Amino acid sequence: MSSEKVDQLMQAMTTAEKIGQLIQTTADVFPNGDAVVTGPMKSANMSAESVYTIGTVLGISGAKKVEQIQYDYLQHNRLKIPLIFMADVIHGYQTIFPIPLALGASFNPETMKIASQVAAQESAAGGIHVTFAPMVDLVRDPRWGRVMESTGEDPYLNSVMATASVQGFQGDSLDDHHVAACVKHFAAYGAAEAGREYNTVDVSEWRFKEQYLPAYQAAVDAQAALVMTSFNTLFGVPASANQHLMRDILRQEMAFNGVLISDWGAVAELINHGVAGDHQAAADLALKAGVDIDMMGYAYAKYLEKAADLDTTTAQLIDESARRVLELKDKLGLFTDPYRGLDDTREATEIKTTANLQAAQAAAEDSIVLLKNDRAVLPLVPETRAALIGPVTDSGDILGSWSWQGDPAATETIKTALSAAMPNLTFAAGSDYRTSSVRDLKEAVALARQQDVIIAALGLPADESGEATSLANIQLPAEQLVLLRELAKLNKPIISVIVAGRPLDLTEVADLSTAILFAWFPGSKGAAALSRILLGEVNPSGKLPMTFPRSVGQVPIYYNEYRTGRPSTNPFGRDDIKYQSKYMDEVNAPLYPFGFGLSYADISVKAIELAQTTVTPADTLAVTVHLENQSTISGKTVIECYTHQQVGETVRPVKSLVAFEKVEIAGESLADFTIEIPCEHLASVHQDLHQAVDSGEYQIMVGLDSDNLITVPFTIE
Ligand code: BGC
């Protein structure tokens with residue numbers, strides 16, 4: 001529903017002014033009072049006057065700057081239509097939370113919601129109105145650097161997290177302590193072939209709807225105000241020109257009625273994709289597909305040249321899109337107060353507060369995953385004589401990509417956090433991330449020789465995750481493996497702490513280490529969180545949101561694969577049966593499965609019970625899970641519920657996550673948890689591309705990871 005204000009403006013605006021609303025540029029075109037017509041704008045023949053009709057800007061923040069730009073802009077804009085300020089606030093603004101993949105590992109939607117809430121509150125104080133988040137692309141290929149921005153490989157986990165994130169960013173009312181969410185990248189960007197950035201995506205519409213679409217749908221259902229198109233091609237057409245994807249699926253089937261914005265330059269890139277000959281043709285395709293805002297492509301600027309004599313269809317499409325942008329401005333309250341949320345005190349009092357930093361630490365503690373803990377080497381006692389070694393030892397580079405307002409140099413390092421708590425700790429880098437010297441290596445080994453335990457802080461720098469960081473090799477860099485091998489020769493317990501934004505091939509690391517903590521990029525308070533986990537002040541409870549392969553050749557690898565006609569009978573080993581779905585030189589099973597993560601407590605599922613073993617598609621399945629903690633300490637874990645459908649109209653995954661709950665159980669105790677699973681979560685996409693819950697035989701499988709599950713059959717009538 002459009003407001004009176006929007007109607008009035010639409011009446012009063014010239015076509016050129018409407019076109020302006022559809023152009024997005026960086027805010028540096030408005031430096032100090034006068035618009036600067038920069039390179040791409042010049043070639044699009046934009047005048048200073050037309051720059052003052054641009055509807056939205058991106059990538060700038062800070063209350064003072066935003067206020068000044070808005071003020072100056074409104075002096076020049078004929079109808080006093082304010083700008084929207086958009087930015088990538090992905091996992092925090094100045095208080096940096098763990099990367100989204102880590103938030104996925106928390107398996108705790110409340111943690112995701114709080115992270116988004118804090119990011120919203122801080123960035124709103126910095127003048128931001130819209131964040132380009134959440135990124136909900138399903139990811140299964142750790143070669144692709146952007147897996148760090150997603151919550152992982154599972155449609156259900158991603159959907160739950162997408163909902164939590166949109167709710168956290170937008171709140172109930174999109175007031176001036178919240179920001180509008182832009183779900184991205186529509187669609188299936190995560191399926192780039194060979195994990196190579198910006199590469200072609202080709203998944204069938206059936207598979208798209210089964211696995212990729214649910215998380216976008218969840219974000220749309222949670223009222224995300226915007227959607228961003230993806231860079232990639234899908235069903236043979238680049239997303240930003242894809243009428244079927246944007247009009248039939250997004251607008252009609254998914255009922256999205258907010259603003260559709262292109263990704264950076266994606267409209268102009270239709271020329272590179274080879275579906276448009278020039279900027280004008282690219283603009284026509286995108287507009288027809290329903291892209292409302294052209295981010296940094298200046299293809300829509302081509303309409304300015306002929307604003308006076310546009311054909312009726314184009315004029316109507318421009319009207320539709322301009323109206324949507326104005327509606328967003330209205331929704332944000334910008335017509336009432338173009339300076340919403342901007343006052344001198346908020347930035348000083350609401351950013352990087354103690355409470356926000358505590359929330360970031362709690363999120364890191366909730367998301368770090370314990371992958372191995374032989375002989376219960378962890379937790380350590382503070383007096384342990386430990387050597388902390390590795391390139392991450394004294395590095396503040398633990399914030400991760402998309403933390404442009406964060407400051408690695410001012411971020412507490414593992415060395416600082418840990419040495420405050422461990423009086424007998426010594427340290428040496430031993431190697432840099434990808435370079436090393438014999439001297440450093442020798443020094444580190446000599447130092448480690450003097451100590452009882454080695455903590456190896458290894459991993460990748462932040463600029464090896466995020467956009468445009470595809471890797472063909474997903475092992476730790478060779479220099480770090482050399483260091484680890486040398487340390488292993490000392491025959492002391494090695495605790496490897498890995499900082500990275502993607503699953504790695506940890507096969508050798510696992511062989512050489514007694515324990516492994518996978519920290520992701522844990523954010524502003526990540527070092528403190530790690531220190532508390534190493535010392536047992538916090539019991540780890542993160543679970544893998546992506547499968548960890550044994551080697552890059554298994555990629556893409558994910559737990560919810562479809563059944564094949566010739567399944568392997570020995571996924572953990574090799575045998576002589578030839579004609580099966582398997583490798584000759586590698587087992588099928590991953591190194592660590594989806595949903596895996598240990599605790600210092602000894603928690604296990606003893607049994608499960610279904611309230612009813614025959615249900616209808618409209619029912620809710622109630623499964624009672626009997627959990628036991630045999631150790632003396634309490635711990636958190638995630639109860640994971642999967643289902644398997646015996647016979648489907650289309651092929652069914654070997655298992656699918658349908659519910660999960662993070663729970664806490666006291667030491668030496670038994671506890672029962674009842675988890676409700678609406679049977680609608682069991683829907684599958686049929687050959688006609690519509691969803692339905694099939695009747696027939698199913699199994700419910702419950703456990704603490706996707707591999708070790710207790711199974712009980714049930715029937716849907
Ligand atoms: C990225 C988007 C991001 C946009 C704006 C693009 O390169 O793909 O995820 O939101 O830039 O910064």
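Where is Tyr-198 found, in terms of E5 and helix H9 (205-221)? Here are some friendly notes to read beside the model.

1. **Before you start.** This is a predicted model, in which local features need pLDDT of at least 70, side-chain atom pairs count only at pLDDT 80 or more, and totals for chains, interfaces and linings use all residues. Residues are numbered from 1 along each chain as its sequence is written, and side-chain values use heavy atoms, with hydrogens and water left out.

2. **Tyr-198.** To answer the opening question, Tyr-198 sits in the loop between E5 and helix H9 (205-221). Helices (H or I, at least four residues) and strands (E, at least two) are DSSP runs, numbered from the N terminus. Tyr-198 is not a glycine, yet its phi is positive, at about 65°. Most residues other than glycine have a negative phi, and most peptide bonds are trans. With 39% relative accessibility, Tyr-198 counts as partly exposed; buried means under 20% relative accessible area, exposed over 50%, and partly exposed in between (1.4 Å probe, protein chains only).

3. **Leu-174.** Look next at the loop between H8 and strand E5 (180-186), where you will find Leu-174. Leu-174 also has a positive phi, near 55°, in a residue other than glycine. Is Leu-174 buried or exposed? Leu-174 counts as buried because its relative accessibility is 7%.

4. **Two cis peptide bonds.** The bond from Ala-133 to Pro-134 is cis, with omega near 5°. Pro-134 belongs to the loop between strand E4 (130-131) and helix H8 (155-170). Another cis bond runs from Val-555 to Pro-556, with omega near -5°. To find Pro-556, go to the loop between helix H21 (526-534) and strand E17 (603-610).

5. **Around the ligand.** Which of the 13 residues around the ligand come nearest? They are Asp-88, Arg-146, His-185, Asp-263 and Glu-467; a residue is near a molecule if one of its heavy atoms lies within 4 Å of it. The shell holds seven nonpolar residues, one polar and five charged. Here Ala, Val, Leu, Ile, Met, Phe, Trp, Tyr, Cys and Pro count as nonpolar, Asp, Glu, Lys and Arg as charged, and the others, Gly among them, as polar.

6. **Distances to ligand oxygens.** A side-chain N or O atom of Arg-146 is 2.7 Å from an oxygen atom of the ligand. For a polar side-chain atom of Asp-263, the distance to a ligand oxygen is 2.6 Å, and for one of Glu-467 it is 2.8 Å.

Definitions and conventions
Polar contact = N/O pair within 3.5 Å; in protein donor to acceptor, adjacent residues only side chain to side chain.
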